[in-house]
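Subject: A structure to explore

Hi there,

Here is the structure I promised to pass on to you. Have a look at it first, and then read my notes below with the view open beside you.

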Amino acid sequence: MRTFAARKHGNASVVHDPLTGLTHRTGLTLGSGRVRLSGTDVASWPEIHPAAVQTKVPISVCWSPLVRCNLACPYCLDDKAVLELGRAERYRIANLLADSQVLGVDISGGEPLLLRDLPDLIDVLVAGGRAVSVTTNGTHLARRAEALATRVDAIRISLDGPDAERHDRWRGAGSFDHAIAGIREAIAQDIPTQIQAVLLRSTDQASIRAMADLAATLGVSGVTFLQMLPIGDGAALADDEQLTDNEALALLAELSTTAAVPVRLRIREAAGGFTVIRADGQIWRNQPGAHAISSLHPLLTASDLALTTRDGSA
């Protein structure tokens with residue numbers, strides 16, 4: 001059994017999975033907020049794109065409460081010029097999200113495990129009924145997993161290759177070994193764990209297959225391949241490394257049915273309209289097709305989260 005977040009949808013319910021970022025539709029009548037369900041059951045229910053739910057606020061959001069990071073990935077989505085709000089403002093935003101109708105909050109960055117008060121921020125969100133995931137580069141996860149284990153609903157660890165040679169090329173020497181140690185500790189602490197990988201033109205099919213095999217060996221729940229978005233530092237890589245959605249779908253078509261663990265592709269088109277709250281407290285949304293991101297306004301009340309375009313997928 002795992003923790004999800006649910007909301008009534010017509011005569012049925014929609015369920016947000018904090019592990020995969022996916023939304024599912026079920027004919028069961030579920031209560032609103034956090035619910036305990038079988039992960040196998042939820043995975044068998046039909047997926048529904050958040051835009052099809054037609055709610056007034058996003059199904060899920062990414063909250064990046066800090067810009068700081070111990071790595072310098074060349075496709076980072078964050079804007080390094082954004083100023084970080086202080087501790088009191090972080091708690092104000094956590095409470096606003098907790099009081100909203102958003103189902104899921106993924107805490108990202110920057111590197112969120114650099115925040116000493118991360119467990120307390122998660123507690124605020126969970127108390128409000130949100131399903132909470134943390135996306136991390138994994139380098140600090142081994143030492144922080146125990147404190148997160150009783151709080152967070154899922155951990156997503158970013159890997160860019162199935163071994164140190166291919167991963168560290170992008171993230172720096174030693175980062176692969178630290179990330180693998182973090183994954184092992186998260187699983188030892190019974191935290192639902194998933195690998196995420198940015199899909200690049202230079203990512204060959206052998207590496208993709210090896211990533212799925214590594215996930216199965218480690219015992220993680222699956223792999224999500226993310227289409228690179230030409231946002232932030234990633235804009236400089238777009239000409240050389242950006243695949244079209246059709247190219248990415250073709251690259252993963254065989255693996256999605258033969259891998260030993262569930263493999264998902266988040267295409268660029270699906271990410272259009274996804275909502276991000278950055279470290280300065282501003283609400284941002286991916287433009288259609290997720291080729292750019294736009295700043296909307298500060299997050300001052302829960303009503304500021306209201307959708308102005310179709311919702312996007314995590």
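Let's begin with strand 2 (residues 12-16) and strand 3, which run antiparallel and are joined by four bridges. If you want one spot to look at, find Val15, which stands opposite His24 in strand 3. Before going on, please keep in mind that this is a predicted model.

These two strands belong to an open sheet of four strands, ordered 3-2-1-4, with antiparallel pairing. Strand 3 (23-26) and strand 4 (33-37) are at its edges, and each has a single partner strand, so one side of each is left without a neighbour in the sheet. On average, neighbouring strands of this sheet are turned by 40° against each other, direction ignored.

- Strand 7 (residues 131-136) pairs with strand 8 (residues 154-158) in the parallel sense, over four bridges. Look for Thr136, whose bridge partner in strand 8 is Ile157.
- Strand 9 (residues 193-199) and strand 10 also run parallel, joined by five bridges. Here Ala197 has Phe225 in strand 10 as its bridge partner.

Stay with strand 10 (residues 223-227) for a moment. Is it enclosed or open to the outside? Five of its five residues are buried, so strand 10 is largely enclosed by the rest of the structure. Both of its faces are covered, with Val223, Phe225 and Gln227 buried on one side and Thr224 and Leu226 buried on the other.

Helix 8 (residues 205-218) has 14 residues and spans 20 Å from its first C-alpha to its last, close to the 20 Å expected at 1.5 Å a residue. Its buried residues are Ser207, Ile208, Met211, Ala212, Leu214, Ala215 and Leu218.

Finally, some side chains. A pair of aromatic rings is described by the distance of the centres and the angle of the planes. The count of such pairs here comes to one. Tyr75 and Trp170 form this pair, which is tilted, with 5.9 Å centre to centre and 50° between the planes. The pair links distant parts of the chain, 95 residues apart: Tyr75 is in the loop between strand 5 (60-63) and helix 3 (87-98), while Trp170 is in helix 6 (residues 164-171). Both Tyr75 and Trp170 are buried.

There is one more ring to visit: Arg278 lies over the face of Trp284, at 4.2 Å from the ring centre.

Enjoy exploring, and write back with any questions!

Best wishes

Conventions
Residues numbered from 1 in each chain as written. Predicted model: local features only at pLDDT ≥ 70, side-chain atom pairs only at ≥ 80, totals over all residues. Heavy atoms only, no water. Expected span 1.5 Å × (residues − 1). Buried < 20%, exposed > 50% of the residue type's maximum accessible area, 1.4 Å probe, protein only. Phe/Tyr/Trp six-rings, centres within 6.5 Å; stacked < 30°, edge-to-face > 60°. Lys NZ or Arg CZ within 6 Å of the ring centre and 35° of its normal. Pairing = 2+ DSSP bridges. Axes fitted to C-alpha atoms, helices over the stretch in contact; angles between N-to-C directions.
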